[in-house]
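This report is an introduction for someone who is meeting the structure for the first time. Please keep the sequence and the model at hand while reading, and look up each residue as it is named.

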Amino acid sequence: MTSLVDIVPPGVVTGDDLLTLLQHARTEGYAIPAVNCTSSSTANAVLEAARKSKSPVIIQVSNGGGAFLAGKGIKFADAAAAGSVALAMHVRSVAKYYGIPVVLHSDHCAKKLLPWFDAMLKADEEFFAKFGEPLYSSHMLDLSEEPDDENIAICVEYFKRMAPMKIWLEMEIGITGGEEDGVNNENVDPEKLYTSPEQVYAVYDALSKVGDMFSIAAAFGNVHGVYKPGNVVLSPERLGKHQEYARKMLNSPLEKPIYLVMHGGSGSTDDEIKTAVKNGVIKMNIDTDTQWAYWDGLRNFEKEKHDYLQGQIGNPTGADKPNKKFYDPRVWVRKAEETMVERVMVSCDKLGSKGTYEPADPEQGSPQIGEINGPNPIVLMTAAAIVGSAATLLVKAMMK
């Protein structure tokens with residue numbers, strides 16, 4: 001196996017480094033876990049898990065996650081974009097210290113959420129103009145609810161805008177069932193849960209005319225959420241058919257010419273995951289399982305320390321004993337982080353990314369603000385202002 005450490009630097013990776021990373025995953029036969037984050041705490045848990053697993057990782061944000069990150073008290077239209085920028089700023093500021101490659105990615109963007117996508121691209125463009133790289137490594141367009149022709153055409157137009165900055169585009173063709181982030185496909189026609197090789201190749205043919213930095217989330221029975229065994233029929237072997245068809249059409253020497261993505265991976269069996277990766281999946285989304293893991297750590301802590309969490313004063317050791325060391329958020333939030341770390345590490349193992357990257361320790365001394373993963377994060381804050389009034393307010397609040 002080619003050493004990933006020798007070809008991809010630690011910290012947030014974009015452009016050519018991102019392409020090299022995903023080429024390595026495809027060639028060596030592993031996938032990178034992509035975890036939805038809604039706070040600096042969940043992002044830190046993902047980074048910690050990646051370091052412990054010696055694995056690259058993808059930190060991603062959804063529209064709803066971005067709005068939560070900005071603060072539920074903000075009601076501006078651009079709140080989701082402001083929160084997404086805030087997450088990127090946090091990750092860029094600390095990623096170097098975890099010593100592993102980190103991909104910053106935005107998740108599902110349906111047609112109704114395109115203003116969010118536009119705002120993030122504006123932030124990318126402003127950041128690129130200042131620092132020569134985009135704020136985010138990649139973005140996803142999920143127009144799978146639209147007719148295929150419209151889906152592909154819109155993706156092509158956005159990809160033309162992204163390509164000069166070398167931003168990766170992930171698109172979805174075919175529908176992922178279930179419900180996530182306000183998009184409900186629980187009652188969709190079952191046939192739409194399975195994408196055909198011809199559909200996948202049509203996407204490849206259109207996007208490859210613009211650039212080579214793109215991946216396809218092809219549906220093979222995927223469903224968001226966790227369901228009882230037997231309720232969801234995954235067919236990851238279909239992904240191999242997509243690769244065979246594309247290879248034939250392209251006369252490609254590559255066994256797996258298409259970069260594929262797996263959505264709705266929570267609750268999947270080990271064999272289903274292995275088959276998907278074998279057939280060219282280089283990224284698998286994880287959300288529901290890590291949400292539960294985060295809660296489970298808190299649930300277990302509350303159960304164990306219940307009698308110490310009923311008031312500020314008074315517990316089994318004495319009526320006048322203080323309980324601050326139990327209700328301090330740094331205590332119970334950390335318990336949630338610990339169980340989320342464990343769950344993300346399980347995914348690194350199942351996807352084969354564990355042990356692919358030896359973490360690098362940063363030089364000791366001052367924080368080296370101007371060198372934290374490239375751009376100065378204080379200057380970076382100015383990029384948020386372009387996403388609208390909500391972002392401007394967020395930045396002003398942060399600078400106080």
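## A first look at the chain

The model described here is predicted. Its chain is built with 14 helices and 13 strands, and of its 400 residues 54% count as buried. When contacts between residues at least 6 apart in sequence are considered, 72% of them join residues at least 24 apart.

Gln60 belongs to strand 3, which covers residues 57-61. Is this residue buried or exposed? With a relative accessible area of 0%, which is under 20%, Gln60 is buried. The side chain of Gln60 makes a polar contact with the side chain of Lys283, at 3.3 Å. Once its neighbours within four places in sequence are set aside, Gln60 is in contact with Ala34, Val35, Asn36 and Cys37, with His105 and Asp107, and also with Lys283 and Asn285.

## Cysteines

How many disulfides does a search of the whole structure find? The search finds zero. Because its relative accessibility is 0%, Cys109 counts as buried. Cys348 is likewise buried, with a relative accessible area of 0%.

## Helix 4 against helix 5

Two packed helices are described by the angle between their axes and the distance between the axes. For helix 4 (residues 79-98) and helix 5 (residues 114-131), the axes come within 9 Å and cross at roughly 40°. Helix 4 is therefore oblique to helix 5. The contact is made on the helix 4 side by Ala80, Ala81, Ser84, Val85 and Arg92, and on the helix 5 side by Trp116, Ala119, Met120, Ala123 and Phe127. Helix 4 passes helix 5 in a right-handed crossing.

Val85 and Leu69 lie 16 residues apart in sequence, and from C-alpha to C-alpha they are 9.3 Å apart in space.

Ser41 is found in helix 2, residues 40-53, and at 10% relative accessibility it counts as buried. Which side chain makes a polar contact with the side chain of Ser41? The partner is the side chain of Tyr294, at 2.8 Å. Apart from neighbours within four places in sequence, Ser41 is in contact with Tyr294, Val333 and Glu337.

Most residues other than glycine have a negative phi, and most peptide bonds are trans. Lys54, however, has a positive phi of about 55° although it is not a glycine. This residue lies in the loop between helix 2 and strand 3, the strand that holds Gln60. Asn251 also has a positive phi, of about 50°, without being a glycine, and its place is in the loop between helix 8 (237-250) and strand 10 (260-262). Lys54 counts as partly exposed, whereas Asn251 counts as exposed.

The table brings together the relative accessibility of some of the residues discussed.

| Residue | Relative accessibility | Class |
|---|---|---|
| Ser41 | 10% | buried |
| Lys54 | 34% | partly exposed |
| Asn251 | 68% | exposed |

Methods: Residues numbered from 1 in each chain as written. Predicted model: local features only at pLDDT ≥ 70, side-chain atom pairs only at ≥ 80, totals over all residues. Heavy atoms only, no water. Helix = DSSP H or I, 4+ residues; strand = E, 2+ residues; numbered from the N terminus. Buried < 20%, exposed > 50% of the residue type's maximum accessible area, 1.4 Å probe, protein only. Polar contact = N/O pair within 3.5 Å; in protein donor to acceptor, adjacent residues only side chain to side chain. Contact = heavy atoms within 4.5 Å. Disulfide = S-S within 2.5 Å. Axes fitted to C-alpha atoms, helices over the stretch in contact; angles between N-to-C directions. Parallel < 35°, antiparallel > 145°, perpendicular 65-115°, else oblique. Left-handed = near helix turned anticlockwise from the far one by under 90°.
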